[in-house]
Amino acid sequence: MPSAALLPLLTRIAESLERIAPPPADPTVLEDERSDIFLWQGTTANLQPLKAMQTVPLSLLKGIDQQMQKVLANTRFFAQGLAANNVMLWGARGMGKSSLVKACLLRVNEEQRKAGQPPLALIEIPRDDLHTLPQLLALLRCSTRRVILFCDDLSFEAQDADYKSLKSILDGGIAGRPEHVLVYATSNRRHLMPRHMIDNEAGDAINPGEAIEEKLSLSDRFGLWIGLYGATQEHYLSIIDAYAAERHLPIAQEDLHRRALQWAIQRGSRSGRVAAQFITALAAELATAQR
């Protein structure tokens, strides 16, 4: 038992800890349809609404029309209360995987509001907070709003057990994913695992094939498994043209293409991200020259 002299000090310490402790997440925050974008902070179990989301309009995502239509249709089905799949977008860096998810959500929510229907919510969950998914799902069960859980740049390393938690969520079941929740994820890896984990299992395994199947089966939980590949030169230049037109850059197309290709050579790749970086630098250069 603490002495009577210590009680006031301990009381003040406890009151201070209560003041600085984050409040528990409130499920009613999802019901405010003025916010469509949220960030899950797993360490504090807090759901933070965001005022805006940085993304690229669908009209500027070039060369991925088939992938766009699949994601857009699936998102529309989900918003309308129809059957829809979890989605995995994998492939080359900088080709618009996360931008496609965000742009499709914005397009569908615009359509939903025009029709007088409730918009979707997008909750981004950082890779390092995947172990807190059960807490987030418990929160979402208290809400009726349809939600897309979004994990960007998803991958797993050796001895990483978080993929098993994600598998159980994707499988559904008694304690799994509620019907009004979908999972969208992006990854640079086709199977979310390093190649050595798939191709070179531990030699002491009784049945290495079973261990391989265990790791590959995570990708199978995504009903839509969509690849985005590296840009051809034609694809890359179509992205450049779209960005330049959107910004009304005063430059001849021949000069624009020549400089864009030089930029890509310097960067060692052609992608939507490289194109956006080039246009940003070019726009600043042209604006400075006009002063």
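Which is the crossing of H8 and H9, right-handed or left-handed? In this predicted model, the crossing of H8 and H9 is right-handed, and the legends below take this pair of helices together with the other close-up views.

**View 1. Helix H8 packs with helix H9, residues 253-267.** The axes of the two helices come within 10 Å and cross at roughly 120°. An angle of 65 to 115 degrees would count as roughly perpendicular and one over 145 as roughly antiparallel, and H8 and H9 are therefore oblique to each other. On the H8 side, the residues that meet H9 are Gln233, Tyr236, Leu237, Ile240, Asp241 and Ala244, while H9 brings Gln253, Leu256, His257, Ala260, Leu261, Trp263 and Ala264 to the contact. Sorted by class, this contact of H8 with H9 holds nine nonpolar residues, three polar residues and one charged residue.

**View 2. Helix H9 also packs with helix H10.** Here the angle is about 125° and the axes lie 10 Å apart, so H9 and H10 are oblique to each other. H9 passes H10 in a right-handed crossing. The residues of H9 that take part are Leu256, Arg259, Ala260, Trp263, Ala264 and Arg267, and they meet Val274, Gln277, Phe278, Ile279, Ala281, Leu282 and Glu285 in H10. The contact of H9 with H10 is made up of nine nonpolar residues, one polar residue and three charged residues. A reader who compares this view with the previous one will find Leu256, Ala260, Trp263 and Ala264 of H9 in the contact with H8 and again in the contact with H10.

**View 3. Helix H2, residues 65-79, packs with helix H3.** Two packed helices are described by the angle between their axes and the distance between the axes. For H2 and H3 the angle is about 45° and the axes are 9 Å apart. Angles under 35 degrees count as roughly parallel, and H2 and H3 are therefore described as oblique to each other. Their crossing is right-handed. From H2, the residues Gln67, Met68, Val71, Leu72, Thr75, Arg76 and Ala79 reach the contact, where they meet Leu100, Cys104, Arg107, Val108, Glu111 and Gln112 of H3. By class, the contact of H2 with H3 divides into seven nonpolar, three polar and three charged residues.

**View 4. The largest pocket has a volume of about 680 Å³.** The lining of this pocket consists of 29 residues, and the closest to the pocket centre are Val56, Gly96, Ser98, Ser99 and Arg273. Three helices each supply at least two residues of the lining, namely H3 (97-114), H8 (233-247) and H10 (272-289). Helix H10 gives the most, with six residues. When the lining residues of the largest pocket are sorted by class, eight are nonpolar, 12 are polar and nine are charged.

**View 5. The largest cavity holds about 70 Å³ of space.** The count of cavities of 30 Å³ or more comes to one. The residues that line the largest cavity are Ile125, Leu130, Leu133, Leu149, Phe150, Cys151, Leu154, Leu166, Ile169, Val183 and Ala185. Strand S5 (147-151), helix H5 (162-171) and strand S6 (181-187) are the elements that give two or more residues to this lining, and the largest share, three residues, comes from S5. The lining of the largest cavity divides into 11 nonpolar residues, with no polar and no charged ones, whereas the lining of the largest pocket includes 12 polar and nine charged residues.

Methods:
Residues are numbered from 1 along each chain as its sequence is written. This is a predicted model: local features need pLDDT of at least 70, side-chain atom pairs count only at pLDDT 80 or more; totals for chains, interfaces and linings use all residues. Side-chain values use heavy atoms; hydrogens and water are left out. On a 1 Å grid over the protein atoms alone, a cavity is a set of points where a 1.4 Å probe fits but cannot get out, and a pocket is an open set with protein on both sides within 12 Å along at least five of seven lines; lining residues have an atom within 4 Å of a point. Grid points are joined across faces, edges and corners, and a volume is the space filled by probe spheres set on the points. Helices (H or I, at least four residues) and strands (E, at least two) are DSSP runs, numbered from the N terminus. Ala, Val, Leu, Ile, Met, Phe, Trp, Tyr, Cys and Pro count as nonpolar, Asp, Glu, Lys and Arg as charged, and the others, Gly among them, as polar. Axes are lines fitted to C-alpha atoms, for helices over the stretch in contact, and angles run from 0 to 180 degrees between N-to-C directions. A crossing is left-handed if the near helix is turned anticlockwise from the far one by less than a right angle, and right-handed if clockwise. Contact means heavy atoms within 4.5 Å.
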